[in-house]
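Subject: Structure handover

Hello,

Here is the structure for your files. My notes on it follow below.

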Amino acid sequence: MKDKILKLLKESKGYISGQDLCLKMNVSRTAIWKAVNSLKEEGYEIEAVRKKGYRLVSSPDIISEKEIVSGIKTRWIAKKVIYFDELDSTNIYAKKIADEGESEGTLVISDAQISGKGRRQRAWTSPHKTGIFMTLILRPDIAPINASMLTLVMGLAVCKGVREITGLDLGIKWPNDIVINGKKICGILTEMSMQMDYINNVIIGTGINVGNMEFPEELQDKATSLKLEAGKDFKRSDIIIKVMEAFEKYYELFLKSQDLTYLVDEYNELLVNKDREVKAIYTDKTIEGTAKGINEKGELMVVTENENIEYIISGEVSVRGIYGYI
């Protein structure tokens, strides 16, 4: 019941009377009063005025199932949220339940992760109430070879969603980093379970630095957070909601063509690699040149010194001025 009351309070532009809540919920005024008080105990600031009713003044920075589901405006993405206060890895858990048959669109969120690893296998703990750690479960009816493009779809959604909330000038570093002022604020990891010719499931893990005020010494010149860049706090639930709403839109466009035909122009507008010197590092070769954007297959097009066009599918790509050369 609390979830429905919270949703009604969020949707109301002003006060909503206790009587209206009783009618909509088909419960007594006492039940409404108890549910509202319970929400207050969780950190929601709710104003109660005689003859006017209840009004939601502010919400705490929590990323629970109730907070996300009560505010999201998608048709099917993230309509089911599985929340943990602490988890080893949202990807590990999402992969487990996806293999067990969990429904498409389910979003796994944790307030903190405890098994992350930094460079050179240093332990990396993601503290509570600072970042977003989430993994989305998908079951796309596409050829397995096209699944890697979903990383780019999520990158576009993150960039658009976070820009809308923060107003910050974020960009995309192909293929899976979101950056600002030459530093990384988000990484994306996509994993797939497949048979010979079809996909069982795809999980897309996304980590966003929101309220971090410091980083390990080896990351200080490479990582930043939304709070450090904007100088103010942002509600993580607002960011999750906007990213998921953007992803649903972009994902459905992706499925329409099974590639990035409908997204390539928008993606390239946000691509920090575009028209800059890049180096692509493979196990057996290195390609250097000027990036000209991505094509509909999600490949980074690089014009080399002899004016040949190389199509980069995977590997490490470094851009001058962003992290330096890898």
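How far apart do the end C-alpha atoms of residues 18-37 lie, and how much of the span is helix and how much strand? The end C-alpha atoms are 13 Å apart, and the span is 85% helix and 0% strand. Please keep in mind that this is a predicted model. The span was picked because of its annotation: in an unreviewed entry, UniProt marks residues 18-37 as "DNA-binding region".

Next, the annotated binding site. The unreviewed UniProt entry lists Ser89, Thr90, Asn91, Gln113 and Lys184 under "binding site".

Ser89 sits in the loop that runs between strand S3 (81-84) and helix H5 (90-99). Its relative accessibility is 14%, so Ser89 counts as buried, the cut-off being under 20%. With neighbours within four places in sequence left aside, Ser89 is in contact with Gln113 and Ser115.

Thr90 belongs to helix H5. At 3% relative accessibility, Thr90 is buried as well. Leaving aside neighbours within four places in sequence, Thr90 is in contact with Val108, Ile109, Ser110, Gln113, Phe133, Met134 and Thr135.

Five strands make up an open sheet, ordered S15-S14-S13-S12-S16, with antiparallel pairing. Strand S15 (309-312) and strand S16 (316-319) are at the edges, each pairing on one side only. On average, and with direction ignored, neighbouring strands of this sheet are turned by 40° against each other.

Within the sheet, two hairpins can be described:

- Strand S12 (residues 277-281) pairs with strand S13 (residues 286-294) in the antiparallel sense over five bridges. Four residues lie between S12 and S13 in this hairpin. Lys279 stands opposite Glu288 in S13, and Val278 stands opposite Gly289 in S13.
- S13 also pairs with strand S14 (residues 300-303), again in the antiparallel sense, over three bridges. Ile294 has Leu300 in S14 as its bridge partner. This hairpin has five residues between its strands, and Gly298 takes a positive phi near 85° there.

Regards

Key: Residues are numbered from 1 along each chain as its sequence is written. This is a predicted model: local features need pLDDT of at least 70, side-chain atom pairs count only at pLDDT 80 or more; totals for chains, interfaces and linings use all residues. Side-chain values use heavy atoms; hydrogens and water are left out. Two strands pair if DSSP finds at least two bridges between them. Axes are lines fitted to C-alpha atoms, for helices over the stretch in contact, and angles run from 0 to 180 degrees between N-to-C directions. Buried means under 20% relative accessible area, exposed over 50%, partly exposed in between (1.4 Å probe, protein chains only). Contact means heavy atoms within 4.5 Å.
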